[in-house]
Amino acid sequence: MANRTIPRLLQTPAIVLLLFWMLVPLSMTLFFSFIRYVLASTNRPEWTSPSISNWRGFGNYQYVWNQDSFWLAIHNSLLIVCSILFLTVILGVAIAILINRTFPGRGIVRVLLISPFFVMPAVNAVLWINMLLDPVLGLQGTAVAGANDLVALLRDAPVVGSFFSLWPQFEPISFRATQTSAYAVIMMVTWQWTPFAVLILMTSLQSEDQQQKEAAILDGASRWSQFRFLTLPHLARPIAIVVMIQAIFHLSLYAEIEIVSRGNGNKNLPYYIGELVNNNIGAASATGIFAVILANIVAIFLLRMLGKTLME
Amino acid sequence: MAIVAQHTKFSKVAWPVLAWAVGLLFFFPIFFMVMTSFKTDADAVKPEFLFRFTPTLENYTNMTNNYDYWRFATNSVITSVTATLFTLFVAVPCAYAMAFNPSRGTKDILMWMLSTKMLPAAAVLYPMIFMAKSLGIYDTKFLIVMVLSLINLPIAVWMLFTYFKDIPKDIIEAGQMDGLNTWGEVREILIPLAWGGIASTALLVFIFCWNEAYWTVRLTTIDAATLSKLIEGNRAPEGLFFGRLSAVSTAAVGPIVVLGWFCQKQLVQGLTFGAVK
C-alpha cells in the first residue's frame with residue numbers, strides 16, 4: 001500500500017505544475033484563436049475583451065492563412081532552421097573527427113570550442129551584428145578596408161600590378177539589410193550551436209568500436225571507406241538527435257531576430273506572433289496554434305526515438 | 001599498431017595545427033569581445049587600434065553609471081538561483097520515485113514531460129502576459145522564477161532520472177531492511193551517491209536560466225529585468241558604444257562560460273536526455 005502512495009505523492013508536484021503549464025495557457029490560446037479579440041479598437045470596443053459572444057470560428061485561421069507575411073514568416077523559419085541544421089551537422093562531424101584524436105593541448109582546444117555554447121543569445125547577437133559584422137565600424141569593415149588597401153598597394157607592384165588593377169573595390173555587406181539579415185542570424189546561431197553538435201558527436205565517437213576499425217585497416221580499407229561504412233553509420237543516431245533537438249530550439253529563435261534587424265528580412269514565426277500580440281490577439285493565437293503544429297511534427301520523431309532507448 | 005602506422009608524418013603536424021586553428025577560430029569572437037571591453041569607446045572603432053591599444057578599465061568601472069549593471073545582474077542571480085533551487089526541490093523527489101519505484105505509466109509520464117518542453121513559447125505568449133497582468137505579478141521576480149522553473153523542470157527530471165537509474169537498487173533495499181523511511185533513504189543513500197548528478201543538473205539548469213532570453217524579455221519591463229533584457233535593450237546602433245557594450249556583455253557571460261567549462265560532460269547527457277552517452 002504505502003509502497004505505491006509515497007512514490008505517487010513525490011511525483012505529484014512536478015506533474016501538477018507541468019500539467020498547469022501545458023494546459024492552461026495553451027487552452028487560452030486555443031480559445032482566443034476562435035474569437036475576435038483585439039487590444040484596442042475605437043470602432044468595435046466589444047472586441048477588446050475576450051468573450052465567447054465574439055466567436056469567429058476559423059476566421060482567424062483563414063485571415064492568417066491568407067496573409068503574405070505569415071507565409072514569409074514560415075519561409076524564414078524554415079530557411080533559418082534548415083540552414084543552421086545543415087551547417088552545424090557538417091561542421092560538427094568534421095570537427096568532432098578532428099579533435100577525436102589525441103594531440104598536444106587537446107583539452108584546451110575542447111574548452112575553446114565549447115565556449116560559444118554558453119554565451120547568452122542576446123550577447124551573441126549584439127556581439128556579431130555590432131562588433132564583428134558592422135560594415136563600417138565592425139571587424140568586417142576593418143577587414144574590407146584592409147583588403148582594399150592591400151589591393152591598391154599591389155596595383156603599383158611590378159609584375160603582378162596589371163593583374164591586380166583589374167580587381168574591383170571590395171564592398172562591405174550590411175547584415176541589417178532585408179536581403180542579408182537572415183544570413184546574419186544563421187551565422188551567429190551556427191557559431192553558437194556547432195559546439196553542441198561537436199560535443200555530442202565527439203562523445204559518441206568515443207564509443208566507436210576500435211577493433212572493427214583496426215580490422216578494416218588491416219583489410220586495406222581506405223580512410224574514406226572507413227568513414228563512410230563505419231563512422232557515419234555509428235553517428236547516424238546522434239546526428240538525428242542533434243538535428244531534432246536543434247530544430248526544436250531554433251524554431252523559437254527570438255532574441256537574435258530582434259537584435260539583428262527587428263524582424264526586417266528575417267521575421268520568423270515567433271517574431272511574427274510577437275508583433276501580432278501588440279494588437280490582434282485572435283490572429284496571434286491562430287498563428288500560435290500553427291506554430292504548435294509545426295513543432296509537433298518535429299517532436300513526434302524525437303519522442304519516438306528517445307522512447308526506444310528510455311528504459312535500457 | 002595499425003592505427004599508429006596510419007598517421008603519416010604530415011598528418012602528425014598538420015592535424016594538431018588544424019585542430020588548434022579551428023578551436024581558436026571558434027573562440028575568436030569571445031576573445032574579440034573581451035579585448036574590445038578594454039578599449040575606450042572612441043578607440044574601439046578605430047582600425048589602427050585593432051590589436052594595439054592602451055588597455056583601460058574605464059568601461060568596467062563605469063558599468064553601473066552607463067547601464068545600471070548591478071541591478072540587472074542582481075535580478076539575474078536572484079531569479080536564476082531561486083529557480084534552480086525550486087526546480088531541484090520539485091524534480092529530485094519526482095525523479096527519485098520514477099527511478100526506484102517505476103510503474104507502468106512512468107515511461108509515458110517522462111515522455112509527456114519532455115513534450116511540454118517542445119511547446120513553442122510564442123504560442124502561449126499572450127495568455128502568459130494576460131494571466132500575469134490579471135494576477136498582478138507581471139514584471140515580478142516571482143513570475144520569472146516560476147516560468148524559469150517550469151521550462152527547465154522537464155530537463156531536470158530527465159537528467160536526474162538518468163543518474164538515479166544507474167544507482168543499484170540493492171543499496172536502497174538494504175537501507176529499507178535497516179529500517180530507513182523514504183526521507184532517510186534520500187538523505188542517507190541517494191544524496192551521497194547521486195551528489196555529482198544533482199550538482200551537474202543544478203549547474204545546467206542554472207546556465208539555462210541565466211541565458212533565457214524569450215520569457216525574461218517579454219514578461220519584464222523594469223523591476224524584474226535580467227541581464228538578457230539589459231543587453232537586448234542596449235544593442236548600440238552605429239557602434240557608438242562598442243567598448244562599454246563589450247564590457248557589460250563580458251560581465252554578463254563571463255561567469256557562465258567558465259561554469260560551462262566544468263560541466264561539458266554532463267551537458268551531453270542533459271541535452272540529449274540520456275540518449276547519447
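pLDDT is the predictor's confidence in each residue, from 0 to 100.

**Entry 1: confidence.** I am working with a predicted model, in which local features need pLDDT of at least 70, side-chain atom pairs count only at pLDDT 80 or more, and totals for chains, interfaces and linings use all residues. Residues are numbered from 1 along each chain as its sequence is written, while chains are lettered from A and ligands numbered from 1 in the order in which they are written.

I looked up the overall scores and found ipTM 0.87 and pTM 0.88. For chain B the average pLDDT is 84, and 94% of the residues score at least 70. Helix α6 (residues 69-100) of chain B has the highest mean pLDDT, 92. Helix α1 (residues 2-6) of chain B has the lowest, 48. Residues 1-5 of chain B have pLDDT below 50. Beyond near neighbours in sequence, that stretch has five contacts in the model. I count two residues as in contact if their C-beta atoms, placed from the backbone, lie within 7 Å. Where pLDDT is low, the predicted coordinates should not be read in detail.

**Entry 2: chain A.** I get 13 helices and zero strands for chain A.

Next I checked burial. A residue is buried if 20 or more other C-beta atoms lie within 10 Å of its own, exposed if 12 or fewer, and partly exposed in between, with C-beta atoms placed from the backbone. Of the 312 residues in chain A, 40% are buried. Among contacts in chain A with a separation of 6 or more, 68% join residues 24 or more positions apart.

I also looked up the domains of chain A; the bounds come from an automatic or database domain assignment. Domain 1 is 68-135 + 180-309 and domain 2 is 136-172. Their C-alpha centres lie 35 Å apart. Six residues of domain 1 of chain A contact seven residues of domain 2 of chain A. The domain 1 side of that contact has four nonpolar, one polar and one charged residues. For these classes, Ala, Val, Leu, Ile, Met, Phe, Trp, Tyr, Cys and Pro count as nonpolar, Asp, Glu, Lys and Arg as charged, and the others, Gly among them, as polar.

**Entry 3: chain B.** Chain B has 15 helices and zero strands. The C-alpha trace of chain B spans about 75 × 70 × 35 Å along its principal axes. Buried residues make up 47% of chain B.

The domain assignment gives 2-59 as domain 1 of chain B and 70-271 as domain 2. The centres of these domains are 32 Å apart. Ten residues of domain 1 of chain B contact ten of domain 2 of chain B. On the domain 1 side, α2(B) gives the most, with three residues. By class, that side has four nonpolar, four polar and two charged residues.

**Entry 4: between the chains.** I find 83 residues of chain B in contact with 88 residues of chain A. Helix α2 (residues 9-36) of chain B supplies the largest share of the chain B side, 15 residues. That side has 65 nonpolar, 15 polar and three charged residues.

**Entry 5: core.** A nonpolar core is a set of buried Ala, Val, Leu, Ile, Met, Phe, Trp, Tyr and Cys residues joined through C-beta atoms within 7 Å. The largest one has 169 residues. Val185(A), Ala91(B), Ala95(B), Val157(B) and Leu160(B) have the most contacts inside it. Helix α9 (residues 141-165) of chain B gives this core the most, 18 residues. I followed up Val185(A): beyond four places in sequence, its contacts include Ile80(A), Leu253(A) and Val260(A).

**Entry 6: Leu180(B).** I found Leu180(B) in the loop between α10 (169-177) and α11 (182-211) of chain B. Leu180(B) counts as partly exposed because it has 16 C-beta neighbours inside 10 Å. Outside four places in sequence, Leu180(B) contacts Gly175(B), Glu185(B) and Glu188(B). Its C-alpha atom is 58 Å from that of Thr36(B), 144 residues apart along the chain.

Conventions:
Helices (H or I, at least four residues) and strands (E, at least two) are DSSP runs, numbered from the N terminus.
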